Amino acid sequence: MQPFTIEEIAQMVHGVWKNPRPGMAPISAVCTDSRSVIPGSLFLPWVGERFDGHRFIDAALEAGAAGCLCAQTPENLRPDKFYIEVADTRLALRDLAAAYRDRFEIPFIQITGSVGKTTTKDMVAAALGAKLQVLKTPANFNNDIGTPLTLLGLEAEHQAAVIETGMNHFGEIAYLGSMVRPDIAVISNIGDAHIEFLGSREGILKAKCEIFEHLKPHGLAILNGDDALLNTVSLPIRMVRCGQSEHCGVRITEIDDHGVDGITCTVETARCRYELVTAAPGEHMTYPMAIAVAVGEELGLSREEITRGVADYRPSGSRMRVIHLPQGRIILDDCYNASPQSVAAALEVLAKTTCERKVAVLGDMGELGDLTEQAHYNMGALAAMLGIDFLVAIGPKAVKIADGAAQSGGAVLHFSTKEEAVAELREQLEPETAMLIKASHAMHFEQLVEQLRGDYD
């Protein structure tokens, strides 16, 4: 982060510096966690449903923070620290990030969608990275804390920013967009994730389309052209659709699925024809590839740069990470999160592997509301229909996954917890077996991956 004076910070957050004194050093870092304070930083106490960061102001200052924002000003103010009083620390962080973003005359790309947000973000960043210095959202920093902290990570060398934004309630994408104010807005798809809070897919579409509220008037909207709901969207701005359908301006053709070794495809635009390769498995990867082409062309990258950048893509975290183990064993680590659409795509990847046996380990999917039982049942039925040799369902909601598989003729076992399932998974991971591991993040199936992988270290 480029440095701010204390006076500048107070002005940006509409706050009052309670104990002003001359000569205080500028601030070049912001922290929201008192346990990881950077010396000389600004501490911002976050207020959540179950905690209040104001209780840790003294600890943060003692750990080296130069000062803090506060909606609850401490009674005793240290003379060697600064205190800026604000109405709401959450809104103050938004205002600080929005003001800082205005320092940078670079293209901002904001990405949202029900499934594949992070994959799309990483693919776009990889493509642009062939020519530009790119800031991208790290890990899962796609919420009201992570987005402003990402923007505050901008430095003079950055030439583009690719910002992933997530939501599970109305108003959240608009809130994050007020900081990002994108030049390019991307919606990857509309699925069932978070339908519990948004009521319907139409509600999800409405919430995702908040991304256009802060899109620059000269900006570009990029949509999945094979998504039925997104095809109902019309906008008074430039728009391009990416997909296999004939009406798509960025069209995917000639897909060649190489199983766990990745995908090749052709993407055609009015300007160029691209022969693209990625090592990431699954035909669904063609959509992030096409979106990367659309963004790359908009920002003036050459065909060679876009092609090279897409080939450089690597998945982040547990997103269809292919782990090769001895004697032909493969773990498909896709346990970062799960929705009906992403589970279906992962099962199709598993079904297309060339291993002799195929085993799916599926857990609970969250925030599906009234769709919960039917969605889980359908995933079990789909696994059986695709010819998956064995299914292990884990978690209370996953009982319905087991029911769907069993009633569709599949071989399946159900366990209440992942701890109970470990011994069975070890037994199922035979030589020449591909094992998919997938569930919502709250299930922490990454622990299963590490346990199984550790057996062969």
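**View A. H324 faces its bridge partner I330 in strand 16.** Strand 15 and strand 16 (residues 329-333) run antiparallel and are joined by 5 bridges; two strands are taken to pair if DSSP finds at least two bridges between them. Strands are DSSP runs of E with at least two residues, helices are runs of H or I with at least four, and both are numbered from the N terminus. The model is predicted: local features need pLDDT of at least 70, side-chain atom pairs count only at pLDDT 80 or more, and totals for chains, interfaces and linings use all residues. Residues are numbered from 1 along each chain as its sequence is written, and side-chain values use heavy atoms, with hydrogens and water left out.

**View B. An open, mixed sheet of 6 strands has the order 15-16-20-17-18-19.** Its edges are strand 15 (321-325) and strand 19 (412-415), each of which pairs on one side only. On average, neighbouring strands of this sheet are turned by 15 degrees against each other, direction ignored. Helix 13 (residues 399-406) packs on the sheet and touches strand 17 (357-363), strand 18 (390-394) and strand 19; the direction of helix 13 makes about 170 degrees with that of strand 19. Helix 14 also packs on the sheet, touching strand 17, strand 18, strand 19 and strand 20 (433-438), and its direction makes about 165 degrees with that of strand 18. Contact here means heavy atoms within 4.5 Å. Axes are lines fitted to C-alpha atoms, for helices over the stretch in contact, with angles from 0 to 180 degrees between N-to-C directions.

**View C. K418 lies in helix 14 (residues 418-428).** K418 is counted as buried because its relative accessible area is 15%, the limits being under 20% for buried, over 50% for exposed and partly exposed in between (1.4 Å probe, protein chains only). Leaving aside residues up to four places away in sequence, K418 touches I394, M443, H444, F445, Q447 and L448.

**View D. Strand 13 (residues 263-268) and strand 14 pair in the antiparallel sense over 6 bridges.** The hairpin between them passes through 4 residues, and V267 has Y274 of strand 14 as its bridge partner. Strand 14 (residues 273-278) has Y274, L276 and T278 on its covered face, and R273, E275 and V277 on the uncovered one.

**View E. Strand 6 (residues 108-112) is mostly covered, with 5 of its 5 residues buried.** F108, Q110 and T112 are on one side, and I109 and I111 on the other. Strand 6 runs parallel to strand 8 (residues 160-164), to which 4 bridges join it, and parallel to strand 9 (residues 184-187), again through 4 bridges. Q110 stands opposite I163 in strand 8 and has A185 as its bridge partner in strand 9.

**View F. An open sheet with mixed pairing holds 5 strands in the order 1-5-4-3-2.** Strand 1 (16-17) and strand 2 (30-31) are its edges, each pairing on one side only. Strand 1 is antiparallel to strand 5 (residues 82-85), with 2 bridges, and W17 stands opposite I84. Helix 3 (residues 89-101) lies across strand 2, strand 3 (42-43) and strand 4 (67-70), running at about 120 degrees to strand 4.
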